[in-house]
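Here is a briefing on a predicted model.

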Amino acid sequence: MLQPRNILFRLKWVGSRSCSNYVSRMRYLSRMKQDDEVCRTALQSGNIFLYHQLAPLLQRTDIGTYQFPAFPAEDVKGILENLGESNEMLWETILINCTERNKAQFSLDVGSIEQAAVEKLCGGTFTDLRKAFFLLRGPEATLAARGQALLRWHQTNGFCSSTGQPTQRNQSGSQRVCHSSGITYYPKMSPVVIALVSDGKRCLLGRQSTFPRGMYSALAGFCDMGETMEETLCREIAEEVGLEVESIQYSGSQHWPFPQSSLMVACHATVNADNTRIRVDTVELEDARWFSLEEVQELLKIKAPPRNNKGEPPVFWVPPRYAIANRLIQEWANQQQLKS
């Protein structure tokens, strides 16, 4: 019988930020989303992150690392003017966040402008988001993903699904409205459950044929309509590897921008140690196997995709640190070490 464990949610406050400052910031964000004039005013003194056909602009620092630069709105105006573009493009920005000092942050896709010209003026390179995730620090990668996700949503939701008429966005980009039908559309994420399965001594990792060579990860699947998170997890594990889950422990969640925006709900799942024979559904997975603690510890040492020589067997590795799958695997390894 399935027995979900009770989980205590702990919120980690960053630095010396007080709850009152956080509440003030969230309410300011809300006002910008609801009031076009407030958002326009904030844009004038805000910062803008640039994208080109959804690829974020990165800059290489003097020490060889990469950053996701935020340009003051006035600087972006200057860039547009230098390229012979109208400043009206600024109103196409999408609100993505607000700093602790109440500085509004926006994303802007300049895909209609020649890429090389923008890169030269900005001193950076537009980089595919998957690659950018390996180059950026955690908070910057999260911000880049959020900005891209909102830009993508607007680019693919320009028409009402009921009437076929164009939808109109508000200034912040928090919604689109079809004035013919009165329907309001909001950016959405698809719920996905990702689970690290364990039999108490080993953890189960699988791979799809579309994964990079040698990469294994926790098992994941989309929630079907009407399902709970627990039902999705149990169904996916049964479908993909033929195992029955006995208990579930919630770990955390993460926005995941590939291939479209998903909300990854991460859990640890335990199966009966006496019934661990894997029966892989080859439609869903290419392979799945049990890994010992020692094997997992070796996998976690690999920080970047390994280069496999042609003809040699692939080196196994797991998703990088920015992925919540890595967090699940690390948590399991830490827990196993405490037991030993």
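The lining of the second largest pocket holds 22 nonpolar, seven polar and four charged residues. Here Ala, Val, Leu, Ile, Met, Phe, Trp, Tyr, Cys and Pro count as nonpolar, Asp, Glu, Lys and Arg as charged, and the others, Gly among them, as polar. This is a predicted model: local features need pLDDT of at least 70, side-chain atom pairs count only at pLDDT 80 or more, and totals for chains, interfaces and linings use all residues. Residues are numbered from 1 along each chain as its sequence is written, and side-chain values use heavy atoms, with hydrogens and water left out.

**Second largest pocket**

- The second largest pocket has a volume of about 820 Å³.
- A pocket is an open set of points on a 1 Å grid over the protein atoms alone, with protein on both sides within 12 Å along at least five of seven lines; lining residues have an atom within 4 Å of a point.
- Points are joined across faces, edges and corners, and a volume is the space filled by probe spheres set on them.
- In the second largest pocket, 33 residues form the lining, and Arg130, Gln208, Phe211, Met215 and Trp256 lie nearest its centre.
- Elements giving two or more residues to this lining include helix H5 (129-135), strand S11 (190-198), strand S14 (245-256) and helix H9 (324-339).
- Strand S13 supplies the largest share of the lining, four residues.
- Helices (H or I, at least four residues) and strands (E, at least two) are DSSP runs, numbered from the N terminus.

**Cavity**

- The whole structure has one cavity of 30 Å³ or more.
- A cavity is a set of grid points where a 1.4 Å probe fits but cannot get out.
- Leu50, Val76, Ile79, Leu80, Val110 and Ile113 line the largest cavity.
- By class, that lining has six nonpolar, no polar and no charged residues.
- Helix H3 (residues 73-82) contributes the most to the lining of the largest cavity, with three residues.

**Nonpolar cores**

- The largest nonpolar core has 41 residues, and Phe68, Ile194, Leu196, Leu205 and Val296 have the most contacts inside it.
- This core draws at least three residues from each of domain 1 (20-157) and domain 2 (190-339).
- A second, separate core of 27 residues includes Tyr28, Ala55, Ile79 and Met89.
- A nonpolar core is a set of buried Ala, Val, Leu, Ile, Met, Phe, Trp, Tyr and Cys residues joined through side-chain atoms within 4.5 Å.
- Beyond its neighbours within four places in sequence, Ile194 is in contact (heavy atoms within 4.5 Å) with residues including Ala218, Met264, Cys267, Ile324 and Leu328.

**Domains and overall fold**

- The chain is divided into domain 1 (20-157) and domain 2 (190-339), with bounds from an automatic or database domain assignment.
- The domain centres, taken over C-alpha atoms, are 33 Å apart.
- Nine residues from domain 1 and ten residues from domain 2 make the contact.
- The chain has nine helices and 16 strands.
- Its C-alpha atoms fill a box of roughly 65 × 50 × 45 Å along the principal axes.
- Of the contacts with a separation of 6 or more, 64% join residues 24 or more positions apart.

- Buried residues make up 44% of the 340 residues in the chain.
- Buried means under 20% relative accessible area, exposed over 50%, partly exposed in between (1.4 Å probe, protein chains only).
- Gln148 sits in helix H6 (residues 138-155).
- Gln148 is buried, because its relative accessible area is 5%.
- Leaving aside neighbours within four places in sequence, Gln148 is in contact with Tyr51, Leu54, Leu129 and Pro257.
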